[in-house]
Structure formats: structure tokens, C-alpha cells
Amino acid sequence: MDTLSQFFGACQQWLFETLIQPALFHLGMSNFIEDGYDATMWLLVGLLQVVVLLLVFGPLQRLRPVEPVTDRRQIGIDVLYTLIHRLGAFRLILFFSIDPFWDSVFGQLHIWGFAPFQLDQYWPGVTDKAWVSLIIYLLLFDAVDYFYHRAQHRFGWLWALHAVHHSQRQMTMWSDDRNHLLDDMLRDVLVVFVSQLVGVPPAQFVVIVAITQLAQSFSHANLRMHFGALGERILVSPRFHRHHHSIAYDASSPGPAGGYNFAALFPIWDVLFRSARFGVGYGPTGIHDQREELGGRDYGRGFWSQQWLGLKRMVGRDREPAAAPPSPPGTAERA
């Protein structure tokens, strides 16, 4: 592990000195050198994730696909979303918007004597083993993601943004980052707040984000795979999460009718809060009102149209098509 960490550090240093640092000096932004070094770490992590997608998840999709690829243009849009999020462009937006806000808030709280929650205060020695604290933090942030995800399906204005994600009817390993940028910024506000509140070490926070992103890329893959009756109750599989994207039910309705299988990593949250559905098939994905017989609602064919229509839905300016009641859950699933 130490050797791997040293190799990663050497790669980060090389990338920073070769590319990022000269660019900052050229742009007259030498006062951002320290932040640029941190940004290099996120860039490198993102590059490694893209490599995993291409060399591991991609071949798996071709080996055991759920459905044939019929809409390469929409997959290309998803690739764009992924590159924006994984290679630092989205984090650059956060750097100039959200991060300074939280730095000032928690800086003031520290002046007032606030100290972050520390696991060792309640469980002495638990952080002595990095892998134990990592699992605890993964469970914590997965719970945060679960409840935020439930809110996205419960509240109309959040669903208006989250619908960008669900509108993909050709789901692949690239689909995880297909989100409205405002929705992602709201989620980041919550995640950064929790990470500051509990005092997650920066290095572990990077690992948590990387593991979660890769796991979600895998669960969105066009891949006919599950982990068996027991395994699927431990980790989210492509089959488990595909049911969450099923076009068979009205995913915009509040309550349980608004969807199932919300967890990103651990299905335990769906089990505890009765939103789990196991052993389902590999049905078609999308939003019910995209069907032609229900009005064929337009959620955008390009990046900017998807972002714009999301904002219009949020403020009630994008009219829904007249539609008959959606089919009951499971009618469009196939084993």
C-alpha cells in the first residue's frame, strides 16, 4: 500500500510540475499553486477511473450486454458528462463557488471553538486501521447519498433536475455522471458539509469519492450481472440499480411509487427503509412519459438542452404531456 501511495504521489508531482504549474504561471495565477496541486490529485484520480472504465467495464459490457447499442449519440453525451466530472472541470466550478463558502463557514466555526466529530472520541482506536475507518466513512456517505436520492424523487423541484439522469434510455457505464449541474452542486454542498462536520481526512475523502464513482459507473453499466441472492444484499449490482431506472413505473411520483433501489453502494439502506426490490429483471430504462403513447416528453437530446429543460421544469415552465396512467411496477421488466 505504501509503495502504491508513493507511486501515486510521484505521478501527481510529475503531472503538476509538467502541466499544471506552468499553466498557472502562464495564466498569471501563481497564487493558486497550492490549490493547483490538489486539483492535480483529482485530475489523476479521474484519469485512473477513465482507464478502469475503458479497460475493465467496457469489455464486460461487450461480453454480457443487457441490450444492443442503438443510440450512440446519447452515449456520447454521457461520455462528455463523465469527462466533465472526472477530469476536473466540474471541480473547478466548485473551487470558485462552493468551496470558498464552506471554507469561510467552517473557518469561523473553528474560531468560535467548534471541533469536528471524531470517531476516536466514541470508539477509541477505530481509526488506527485505515481500512476500518474507510468502511465506516463509506457507510456514512452512502447513507447521505441514499437520503438525498430519496429527496430527489420526493420533491418536485429536485426531481425536475434529477430527471436529466433518468432520461437516459441507453444506459451504460458512462451514465452515472449524466446529471444536471445544479443538482450536482447541491449534492456537493451536502457532501462537503458532512465531510467537514465529521472531520474526514482529505486523503480518505478522495478515496471515498473515487470508490463511490467507480461503483456507480459499474452499477449503471449495460451489463447483465448480479451478485446472487446474498451478494446483491451486500453490494449494489447492475441488475439491482437498473430496476431503479426502470421505465415501468412513474419515477416522478412521491413515496415508494417514486422508485426503488436508491442506494449507491450498500443495499442495506433500501432494506432498512423498505425501498429494496431484489431478483428483478433487466427491463428498459427511462422515464414513463418519454413513451410515445404517454406523450413522448422531451428531456433534451444534447448537453445544453438537457441543462436548460431541467431549469425550465424546476420553475414550472416546461409543460408535461397529457398522459394515461403509467403501467404498474414490473410490467415492462424482462428476466
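Q: Is N261 buried or exposed, and why?
A: This is a predicted model. Start with the cut-off: buried means under 20% relative accessible area. N261 has 0% relative accessibility, so this residue counts as buried.

Q: Where does N261 lie?
A: Look for the helices on either side. N261 sits in the loop between α12 (238–244) and α13.

Q: What is the phi of N261?
A: Begin with the general rule. Most residues other than glycine have a negative phi. N261 is not a glycine, yet its phi is positive, near 55°.

Q: What is the phi of R274, and where is this residue placed?
A: R274 also has a positive phi, near 60°, and is a residue other than glycine. R274 belongs to the loop between α13 and α14.

Q: Is R274 buried or exposed, and why?
A: Apply the other cut-off: exposed means over 50%. R274 reaches 74% relative accessibility, so R274 counts as exposed. N261, at 0%, counts as buried.

Q: Which residues form a nonpolar patch on the surface?
A: To read a patch, list its members, then their area. Here the members are W131, I135, L139, F147, I268, V271, L272 and F273. Together they have about 750 Å² of accessible area.

Q: Where is F273 found, and why does it count as partly exposed?
A: F273 is in the loop between α13 and α14 (303–314). Partly exposed covers the range between the buried and exposed cut-offs. F273 has 40% relative accessibility, so F273 counts as partly exposed.

Q: How many cavities of 30 Å³ or more does a search of the whole structure find?
A: Count first, then take the volume. The search finds one cavity of 30 Å³ or more. The largest cavity holds about 750 Å³ of space.

Q: How many residues line the largest cavity, and which lie nearest its centre?
A: The lining has 42 residues. Nearest the centre are D145, D184, R187, Q213 and Q216.

Q: Which elements give two or more residues to that lining?
A: They are α2 (33–63), α3 (72–86), α4 (89–96), α7, α8 (156–166), α9 (181–198) and α10 (202–219). Note α7: this helix also supplies residues of the nonpolar patch.

Q: How do the residues of the lining divide into nonpolar, polar and charged?
A: Sort the lining by residue class. The largest cavity has 17 nonpolar, 15 polar and ten charged lining residues.

Key: Residues are numbered from 1 along each chain as its sequence is written. This is a predicted model: local features need pLDDT of at least 70, side-chain atom pairs count only at pLDDT 80 or more; totals for chains, interfaces and linings use all residues. Side-chain values use heavy atoms; hydrogens and water are left out. Patches are made of residues with over 30% relative accessible area and no salt bridge: like charges are joined within 9 Å, nonpolar side chains (Val, Leu, Ile, Met, Phe, Trp, Tyr) within 5 Å. Accessible areas come from the Shrake-Rupley method with a 1.4 Å probe; for residues, only the protein chains shown count as cover. A salt bridge is a side-chain nitrogen of Lys or Arg within 4 Å of a carboxyl oxygen of Asp or Glu. Helices (H or I, at least four residues) and strands (E, at least two) are DSSP runs, numbered from the N terminus. Buried means under 20% relative accessible area, exposed over 50%, partly exposed in between (1.4 Å probe, protein chains only). On a 1 Å grid over the protein atoms alone, a cavity is a set of points where a 1.4 Å probe fits but cannot get out, and a pocket is an open set with protein on both sides within 12 Å along at least five of seven lines; lining residues have an atom within 4 Å of a point. Grid points are joined across faces, edges and corners, and a volume is the space filled by probe spheres set on the points. Ala, Val, Leu, Ile, Met, Phe, Trp, Tyr, Cys and Pro count as nonpolar, Asp, Glu, Lys and Arg as charged, and the others, Gly among them, as polar.
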